[in-house]
Amino acid sequence: MEGTNDQKAWLKDASNAVKRHGFFLRKAIDDDNMKEALRYSAALLGELRTSLLSPQRYYELYMQACDELRNLEAFFREEAAKGRSHAELYDLVQHAGNIVPRLYLLCTAGACYIRGPGGAPAKLILRDVVEMCKGVQHPTRGLFLRAYLVQAMRGLLPDTGSQYEGEEGGNVIDAIEFLLVNFTEMNKLWVRMQHQGSARDREKRERERQQLADLVGKNLTYLSQLDGLTFQLYRDIVLPRVLEQVVSCRDDIAQQYLMQCVIMVFPDEFHLGTLQSLLGALPQLQQGVRVHTVLSLLMDRLANYAATDRGVTDQMNQVDAFGQMSSVALKVVEQHPDMPGADVAAMYSALLGFSGTVYPDQLDFVDRVLETCYNALRRRGPISEPKAEKQVVTLLSTPLDKYDVVTVLGLAHYPSVMELLQPRMKREMATKIVQTLLRGNTQVSGVDKVEMLFSFIAPLVQDMEGLADELDEEDVAEDQLLLARLVHNLRSDSGNSDEQFEMLEAAQRHFLSGGPQRMRHTLLPLAFCALEAVGTARWYQFLHQTASELSAVPAAELALQLFLTCAHSASEEAGLDVTAYEFFEQAFVLYEESIPDSRQEVRALQSIMGTLNRCYIFGPDERAALVHKASTYCAKLLKRTDQCQAVLSCSHLYWQAEAEGKQAVRDEQGVLSCLKRALKIANAAQQQLAVAARPRPRSATPTGDSAPGSAPALVASPGSLFVEILNHYLLFFDQGCQQITAAVLQSLLELVANEMATDACRDDQPLQAFYNNTLAHIRQQKAKGGDAASRYDALQL
C-alpha cells in the first residue's frame, strides 16, 4: 500500500511538471520563439528520465508528454512554411542537454524532415534515428522511446506504392529493416526488465512486462501491414530474423507472446508456406513456454483457412502438414519431460481438431494422435489433476463430434487413452459418448459393436470401484435415463431378427449386472424394444426373463404391467395362447405375492382385467380359469367400494367388444351375475354407512382429546356406486344383452332415485351431476325413435 501511494505521489509531481512546462511551451509557440519552445519541450521530456515510476505509471506520464509533443510537431511544420529548413531543425534539436529529451525531439523533427517539402530520404532518417535510439538502454525509458519512434514513423515508411519510396528514399526492404531493427532492440529492452530488482518482486515484474507486451508486438503488426511485403520477403528476411530473436532471447514471457503474435498477425498462406520453419522453432523454446497453446493457435488458424478454401487441403498434403505437426508435437513432448499432462492433452486435442477439419476422411490420423498422446501421458504417471483430466476428456470428445461415434470407439488406441482416466472422469466420458450417440441419432448395429459400446459406458451400467460412494440416487437415475434412451438406438442395419435378438440379449446381460437400483430404469425400455421386434417364441422367453428380473428388483407394479403387455402381444400379435396364458399366470402370481398396498391392488387388478378383456386367443376353459381368478380377487379387496367397482369391471370380461376376425365372448348370464353381485355389495356398503353414521351411546364415548359434542365420524356415501351400477346396466342394455330387461332397469331406476333423494346424496354436487347426465342419456334414447326408442319406452323417469 505504501509503494502504491509513493507511485501516485511521484506521478502527480511529474505530471504537474509536464503540465507546467507544457503551458510555457504553448506560450513560446504563440510567441513564435523557437529557442524557448525547444527549452520547455526538453524540460517536459526530461520528466521521462525518471526511474521511480512503475511501467504502468510511466505509461500515463508518457502519454501526457506525447500530447504536448503534438503541439511542437505542428510548430515545426509551421516554421518550415516560414522558410526555416527541416535540416536546420533536425540539427538544432540535437543540442538538447540530456539524451532522452534529445532523442524524442530528434524523432519528432525527423518525422517532419521526411514529411516536409523536399524532405530528406526516408531510409537515411530512419536508419539514423533507429541507431541513435540505442543510446538509451534503460529498459523502461528505452522501450517507450522506441514505441514513440515507430509510432511517429509509421506513415513515413518507404513502402511499395508510398510517396516516400524512391531511389534515394528507399524501398520496402528498408522499411522492413527499420521495423526489424526496432523490434529486435525493443525485445531486448523488454526482456531486460525481467532481470531488474530483487527476486521477491519477480511476479510483479512479470505482470508489468505482460502489460507492455503490445508495445513490442506493434512492430510485427506494422510489418504485416506493409503493402510490399511478399511471401518471398517474409520467408527470406522477416521470419528468419524474427524467429532468431525469439529463440535467442531465452525468455518465457517474450517467447510465448511473440510466437502467438507471429501466428496472429501474418497471413495464413504465409504460415502454410513456411510451416517447417515455424514449427522448427517450437522445440527450441524455453521449458516454461506453453508450447501447446502456440501450436494449438497455429493449427486452429490453418484449420479455419482450410475450411474456407478447400483447395488449401491440397497444399497441406503437399507439405505434409499433419506429419510435420505430429512430429513437432512429439519432439516438444520429448524435450519437455516436465510438461504437465493437461498441456500434453490440450496440444493433442488441437491436433485432433486440425485433423478432423483438414482430413475428415483420414481416420487413421486420429488413431495416430491417440497413440502418441497415450504414450506421452503414460510416461507421466496416473492422471489425477482435475485440469489434466478435463483436457483428456476434451481430447477424447473431439473426434466424437467429427466422426461416427461407433467408428471412433473402434479405434485401436481410443480405449487406451480412456483407461488413463480416474473412475469419476470415466463416468463423465461415458456420459458424453451416450449423449453424442443420442444427439446424432446414431444406430449401433451388430453384437460386437454393442459389446464394444458397453465396455466404454460401463461406469453408467454398473458400480465401479472408487465411484459408488460419490453417486447419490439422483445421479444414478440420470445415468439410467440416458441408457434407457440409448436402448432404442440398438438396431440391426439389415433388419435381421436374429441379429436384433442377439444385440438386445447382450444389452440385457450388461443391464442385469447393474444391480436393482439401475435395473428398475433399464429393463423396461429394453423389453419394449424387444416387443417392437418380437417374432418367434424365443423373443417371449427373453421378455419373460426380463419381466421376472424386474419383479425381483423389486419393482412389482412395473413387472406386472410388463407381463400384461407381453400377454397381449403374445395373444393378439403372435397368436400364442399357451405363452399368453403363462404371462397372465405370472401376473396373477405377482399380484398375489408382491402387491401389498390396497391402492396398488386396485390398480393392478383393473390392469389385469382390462388386458384380459382385449385378448381373444383363449379357448373357453383357459378364459374361464383366468376370469374366475380375477373375479375371486375382486371379492378379496379390502374396501367394499373397491370390490363393487372391480366387480363392475369384471362384468366386461363376459362381454367383449366385436373385433374383425375375432370371436368375441358374449356371456349374458355372466354379465348379469356380476351386475347383481355389484348391487349386493353396494347395498352392503349402504348398510355399513348407516351403522357408522349411528351416534354412539354416551357411555361408549371415549375420553381423551375429543371435544364435547363433536359429531360422529362418517364414511363416504355409496350413492355413486348405485349410479355406476345403473350406467353399466344401461351400457349392456344398449348393446343388446337380453338378460337385462326394461323391468329390471325400471326397478333399478327407482332404487337409485330413492338413494339420490337422501340428504347425503342431495348435497353431493358432483354426484348429482353424474346422476342427471345418466337420466339425460335415457331421455335422449327415448327421443331418438326407432329401435332405441322402442326399448326405452317402457322406462318411467
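The side chain of Gln194 makes a polar contact with the side chain of Arg209 at 3.1 Å (a pair of N or O atoms within 3.5 Å, where within protein one must be able to donate a hydrogen and the other to accept it, and residues adjacent in sequence count only if both atoms are side-chain atoms). This is a predicted model, in which local features need pLDDT of at least 70 and side-chain atom pairs count only at pLDDT 80 or more, while totals for chains, interfaces and linings use all residues. Residues are numbered from 1 along each chain as its sequence is written, and side-chain values use heavy atoms, with hydrogens and water left out.

**Around Gln194**
- Gln194 lies in the loop between α8 (172-192) and α9 (202-211), where helices are DSSP runs of H or I with at least four residues, numbered from the N terminus.
- Gln194 is buried, because its relative accessible area is 6% (buried means under 20%, exposed over 50%, partly exposed in between, with a 1.4 Å probe and protein chains only).

**Aromatic rings**
- The count of aromatic pairs comes to 28, a pair being rings of Phe, Tyr or Trp (its six-membered ring) with centres within 6.5 Å, stacked if the planes are under 30 degrees apart, edge-to-face if over 60 and tilted for the rest.
- The rings of Trp190 and Tyr257 have centres 5.9 Å apart and planes at 80 degrees, so this pair is edge-to-face.
- That pair links distant parts of the chain, with Trp190 in helix α8 and Tyr257 in helix α12 (residues 252-265), 67 residues apart.

**Charge over a ring**
- The charged end of Arg209 sits over the ring of Trp190, 4.8 Å from its centre (NZ of Lys or CZ of Arg within 6 Å of the ring centre and within 35 degrees of the ring normal).

Methods: Helix = DSSP H or I, 4+ residues; strand = E, 2+ residues; numbered from the N terminus.
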